[in-house]
Amino acid sequence: MAEKEQRVAIVTGAAQGIGAAIAEELAADGVKVVVTDINATGATAVAERIGGVAKALDVSDPDAVAAVVSEVVDELGRIDILVNNAALVPLTAWEDITFAEWRRVMSVNLDGIYLITHAVTEVMGRAGYGRIVNIASNTFVAGTPNCAHYVATKGASIGLVRGLAGELGKNGITINAVAPGIIASEGVLNGPHVNGFDYVVPMQAFDRRGLPQDVAPAVAFLASEKAGWITGQTLVVDAGHTRN
Ligand code: NAD
Ligand code: 4PL
């Protein structure tokens, strides 16, 4: 990577919550952030706040992913960082996980990661440099109930990190996962997972709810120049809720 040129990041699902905090943290580090989300209005608001670029993007749509990645290359010339953050965060008992519900979650949380990672690694491979961070979840460590499909996708995102690190390393690309515990994002605060704090906070080392801003610095570190000797790893960011 040439020195002093502004790095470019794509963050998916960055209109709110953890993704927005990651976009903000990367921008504070001097990175040009492409704020992508299926919610175009929300993405635009975040991009305006942080001096980034907004792109409407449903990560489960193959044509849309291809179009956005090629637009970013045309407009900004490079992609140094990809943060795979977009996900559905459901709370659904196993008996209610129909095949349609299973596929809905797989298509965003897993197919979405495949599609954009496959497109972006081609660009990064040509440059001989890249940083990829998958936002997993400590539900894969804790075995959190009533979201088995979600937990399966988060385990798979860690599996992809482990399975891909060796191949990507040949092209100067690192790929790691960050696994947060329960976080007071807009999605969690406005949904059924909000009840989880009563159970989880007492298991944490720190007696308060985790915030999106508690997760973002770990992501920014793994996306930085300084993390060049770290790949294939998972960093759990959950106030000590789980310990592995
Ligand atoms: P959130 O629901 O607040 O925000 C998710 C964002 O993703 C939204 O802006 C939404 O519009 C977007 N999105 C949904 N479907 C999309 C699609 N098909 N294409 C593009 N964007 C899409 O979620 P959050 O709590 O901030 O979670 C962000 C990430 O962190 C997810 O990967 C989630 O699994 C992970 N995570 C969250 C928690 C938590 O407790 N909040 C804990 C661990 C991991
Ligand atoms: C511990 O990833 O890690 C609720 C919702 N509780 O999405 C998560 C915990 C949730 C989590 C998660």
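1. The second largest pocket of this predicted model has a volume of about 210 Å³. A pocket is an open set of points on a 1 Å grid over the protein atoms alone, with protein on both sides within 12 Å along at least five of seven lines, and lining residues have an atom within 4 Å of a point. Grid points are joined across faces, edges and corners, and a volume is the space filled by probe spheres set on the points. Of the 14 lining residues, T117, H118, T121, L160 and L164 are the closest to the centre of this pocket. Helix 4 and helix 6 each supply at least two residues of the lining. Helices (H or I, at least four residues) and strands (E, at least two) are DSSP runs, numbered from the N terminus. By class, the lining holds 8 nonpolar, 5 polar and 1 charged residues; Ala, Val, Leu, Ile, Met, Phe, Trp, Tyr, Cys and Pro count as nonpolar, Asp, Glu, Lys and Arg as charged, and the others, Gly among them, as polar.

2. Residues are numbered from 1 along each chain as its sequence is written, while chains are lettered from A and ligands numbered from 1 in the order in which they are written. Local features need pLDDT of at least 70, side-chain atom pairs count only at pLDDT 80 or more, and totals for chains, interfaces and linings use all residues, whereas side-chain values use heavy atoms, with hydrogens and water left out.

3. The largest pocket has a volume of about 1200 Å³. Its lining comprises 46 residues, and V89, Y150, S185, V188 and H193 lie nearest the centre. Among the elements that give two or more residues to this lining are helix 1 (17–28), helix 6 (148–169) and helix 8 (196–200). The lining divides into 24 nonpolar, 18 polar and 4 charged residues.

4. The search of the whole structure finds 1 cavity of 30 Å³ or more. A cavity is a set of grid points where a 1.4 Å probe fits but cannot get out. Residues N84, A86, N109, I113, I135, T153, K154 and S157 line the largest cavity, and helix 6 gives the most to this lining, with 3 residues.

5. Seven strands form an open sheet in the order 3-2-1-4-5-6-7, with parallel pairing. Strand 3 (53–56) and strand 7 (234–237) stand at the edges with a single partner strand each, so one side of each has no neighbour in the sheet. Two strands pair if DSSP finds at least two bridges between them. Strand 6 (residues 173–180) and strand 7 pair over 4 bridges, and A177 stands opposite T234 in strand 7.

6. Helix 9 (residues 212–222) lies across strand 4, strand 5, strand 6 and strand 7, at about 165° to strand 6. Axes are lines fitted to C-alpha atoms, for helices over the stretch in contact, and angles run from 0 to 180 degrees between N-to-C directions; contact means heavy atoms within 4.5 Å. The buried residues of helix 9 include P212, V215 and L222. Buried means under 20% relative accessible area (1.4 Å probe, protein chains only). Helix 1 is one of the elements that cover the buried residues of helix 9.

7. Where does T92 lie? T92 is in the loop between strand 4 and helix 4, and T92 is buried, with a relative accessible area of 14%. Leaving aside neighbours within four places in sequence, T92 is in contact with I97, E101, N146, C147 and H149.

Note on methods: Buried < 20%, exposed > 50% of the residue type's maximum accessible area, 1.4 Å probe, protein only.
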